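The sequence and structure come first.

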Amino acid sequence: MSTAYFTHPLCHRHDMGEGHPECPQRLAAIEDRLLVTGLADLMERRLAPEALLSDLELAHDAMLVASLAEQSNQAARSADAGGSPWVRIDPDTAANRHTWAAALRAAGAAIAATDAVIAGEVDNAFCAVRPPGHHACRSQAMGFCFFNNVAVAALHALEVHGLRRVAIVDFDVHHGNGTEDIVAGDERILMVSFFQHPLYPYSGTEPAASNLLNLPVPPYTRGPAIRDLIEQHWLPRLEAFAPELIFISAGFDAHRDDELGQLGLVEADYAWITRRLMDLAARHARGRIVSSLEGGYHLDALARSVEAHLRTLADL
Ligand SMILES: [Zn+2]
């Protein structure tokens with residue numbers, strides 16, 4: 001298998017303030033782990049390009065896109081005048097002068113990864129990017145997210161490449177309400193997820209559309225129970241849907257060490273989920289998988305989990 005690793009230095013420049021869990025050190029921890037283990041040498045490293053506005057606007061209102069550019073400019077003006085370097089978007093989410101550039105690269109990574117797997121240049125790809133995306137709704141940034149990287153890339157695969165069916169698999173501990181907002185009712189997309197409930201953003205328990213399969217699970221659910229749910233619910237739906245490409249909203253905050261959630265997954269669970277998705281992709285999608293980082297806030301657990309995910313994707 002050949003696996004591409006998309007990232008960009010600008011993704012380290014977006015920050016939301018001292019002590020914020022969605023911090024640049026997340027990417028540094030991943031990079032460090034890949035270097036120490038030698039895994040970095042075994043993947044094809046690529047620089048994420050900027051997303052085109054036309055791609056962003058497949059998933060988002062033009063107003064949302066324009067407002068992030070303005071918020072980043074406003075943060076820069078404020079910082080230069082000696083004021084706050086942040087423009088607050090919600091209690092958990094803020095833009096600094098680099099947020100616009102970072103968000104363009106984060107979405108651009110998912111788009112370029114999609115182009116690369118569809119062109120057959122690589123079998124699959126992982127995007128080590130921030131800001132994450134799965135809480136970003138069509139017309140609202142929220143929950144550490146500005147542009148919905150995975151939804152943008154999924155719509156790019158459908159609209160620009162003419163694929164007919166793509167799946168979005170979301171294993172972040174939080175419900176991907178933004179992705180749901182964008183893809184609900186679009187029968188070309190099947191979205192499957194599990195998430196802790198109750199937990200931010202406290203949504204997803206009522207069926208919003210027939211192309212969504214949500215599995216809310218209570219706090220303290222552990223790996224074996226999650227695997228059973230995946231076997232019983234996700235895999236039959238995905239098998240029947242026969243996606244031509246599988247996108248993964250790869251959040252690692254369901255790890256037992258992560259303090260933003262209370263689920264009990266470990267590295268081996270992420271490897272197992274990844275393997276099952278690869279088997280499915282091999283049958284239906286010529287192996288094509290595009291995975292993009294969402295949450296994961298315990299730095300060591302995040303780095304180890306990404307390593308397990310990548311080792312499986314790269315078949316190492
Ligand atoms: Zn999360």
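Where is Phe-144 found? Phe-144 is in the loop between strand 5 and helix 5, where helices (H or I, at least four residues) and strands (E, at least two) are DSSP runs numbered from the N terminus. The model is predicted, so local features need pLDDT of at least 70 and side-chain atom pairs count only at pLDDT 80 or more, while totals for chains, interfaces and linings use all residues. Residues are numbered from 1 along each chain as its sequence is written, and side-chain values use heavy atoms, with hydrogens and water left out.

**Loop residues**

Most residues other than glycine have a negative phi, and most peptide bonds are trans. Buried means under 20% relative accessible area, exposed over 50% and partly exposed in between (1.4 Å probe, protein chains only).

| Residue | Phi | Relative accessible area |
|---|---|---|
| Phe-144 | about 75° | 11%, buried |
| Tyr-202 | about 60° | 57%, exposed |

Tyr-202 is placed in the loop between strand 7 and strand 8. Pro-201 lies in the loop between strand 7 (189–196) and strand 8 (212–217), and a cis peptide bond with omega of about 0° links Tyr-200 to Pro-201. Another cis bond, again with omega of about 0°, joins Arg-130 and Pro-131; Pro-131 lies in the loop between strand 5 and helix 5.

Met-142 sits between strand 5 (124–127) and helix 5 (149–159) and is buried at 14% relative accessibility. Leaving aside residues up to four places away in sequence, its contacts (heavy atoms within 4.5 Å) include Asn-177, Tyr-200 and Pro-201.

Asp-172 is in the loop between strand 6 (166–170) and helix 6 (177–183) and Asp-253 in the loop between strand 9 (245–250) and helix 8 (267–284), so the pair ties together parts 81 residues apart in sequence. Asp-172 is buried at 1% relative accessible area, and Asp-253 at 0%.

**Helix pair**

Helix 4 (residues 99–118) packs against helix 5 at about 35°, with the axes 9 Å apart. Axes are lines fitted to C-alpha atoms, for helices over the stretch in contact, and angles run from 0 to 180 degrees between N-to-C directions.
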